[in-house]
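Hello,

Here is the structure for your set-up work. My notes on side-chain contacts follow below it.

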Amino acid sequence: MSTIYVVGTPIGNLGDISKRAIQILGSVNTVFAEDTRVTRKLFSHFGIQSKLISYNENNASSKTDTVIQELENGDIAITTDAGTPLISDPGSALMKAIDQSGHKIVSIPGPSAVTAAISMSPFQIDRFAFLGFVPRQKSDMEKILIQYDPLGIPLVFFDSPQRIKTFLRHLSEINPDRRIMIAREMTKLHEERYVGTVAEALAHFDKPIGEFTLILEGETSIVS
């Protein structure tokens, strides 16, 4: 039986990739990548020549058979554009299908925006909830807070520059003094770590640019 390697790749700085990840990506027959154009740049930098096939949220359901077929011919790998696959990316259904096929799944640990952010957290974070990308709808934001705030643990989100102000404004309406840490463009040239209240963060990020990971301090009161 063959092996699929779940490979973590840099979230920004190419120097963060592990020697093992480079070796695996260069030795497998095929790499399934979220965006082949992005991964091709990584390959070019490290001289990797493995075959690339697209695998993302738009084609995941139709590519499962292709992945299994490639596994029948030898070892393969899967990557995301940045960070560790399956964290806010499709893939769980694929892992289930590979389990059923009898092939082996091996993780090649690497960078993750989630772990990078919580390692810089000023909040008690022996427990936390990672909730993926912030919902688009205000009602969905409220549902998440109502569900998780009673746990009293930090809440970790991803967000985009187009939507972060909406989220911060909503949080400020609920509790402007709630503390938040925001990591922007981690490992990149304009990396920023910001800690303050949600009201202060709303003012600070008046013209947001880049990719954001947010950590809300644990809250024990139930949002109403």
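Start with E173, which is exposed at 54% relative accessibility. (Buried means under 20% relative accessible area, exposed over 50%, partly exposed in between, with a 1.4 Å probe and protein chains only.)

Two notes on the source. This is a predicted model: local features need pLDDT of at least 70, side-chain atom pairs count only at pLDDT 80 or more, and totals for chains, interfaces and linings use all residues. Residues are numbered from 1 along each chain as its sequence is written, and side-chain values use heavy atoms, with hydrogens and water left out.

Salt bridges

The structure holds nine salt bridges. (The rule: a side-chain nitrogen of Lys or Arg within 4 Å of a carboxyl oxygen of Asp or Glu.) One of them joins E173 to K138, at 3.5 Å from N to O. E173 sits in helix α7 and K138 in helix α6 (residues 138-148), 35 residues apart. (Helices are DSSP runs of H or I, at least four residues; strands are runs of E, at least two; both are numbered from the N terminus.) K138 is partly exposed, at 45%.

Next, R178 and D149. Their closest N and O atoms are 2.9 Å apart. R178 is in the loop between α7 and β8 (179-184), and D149 is in the loop between α6 and β7, so the bridge ties together parts 29 residues apart in sequence. Are these two buried or exposed? Both R178 and D149 are buried.

K188 and E211 also meet in a salt bridge, at 3.2 Å from N to O. K188 lies between β8 and β9, E211 between α8 and β10, so this pair ties together parts 23 residues apart in sequence. K188 is partly exposed, at 28%. A network of salt bridges links E185, K188 and E211.

Aromatic pairs

How many aromatic pairs are there? The count is five. (Rings of Phe, Tyr and Trp, the last by its six-membered ring, pair if their centres lie within 6.5 Å; planes under 30 degrees apart are stacked, over 60 edge-to-face, the rest tilted.)

F157 and F167 have ring centres 5.1 Å apart and planes at 65°, so they are edge-to-face. F157 is in strand β7 (residues 155-159) and F167 in helix α7 (residues 164-174), ten residues apart. F157 is buried at 1%. F167 is buried at 2%.

Y194 and F205 are edge-to-face because their planes stand at 75°, with centres 5.6 Å apart. Y194 is buried at 15%, and F205 is buried at 4%.

Finally, ring pairs link F130, F133 and F158 into a cluster.

Best regards
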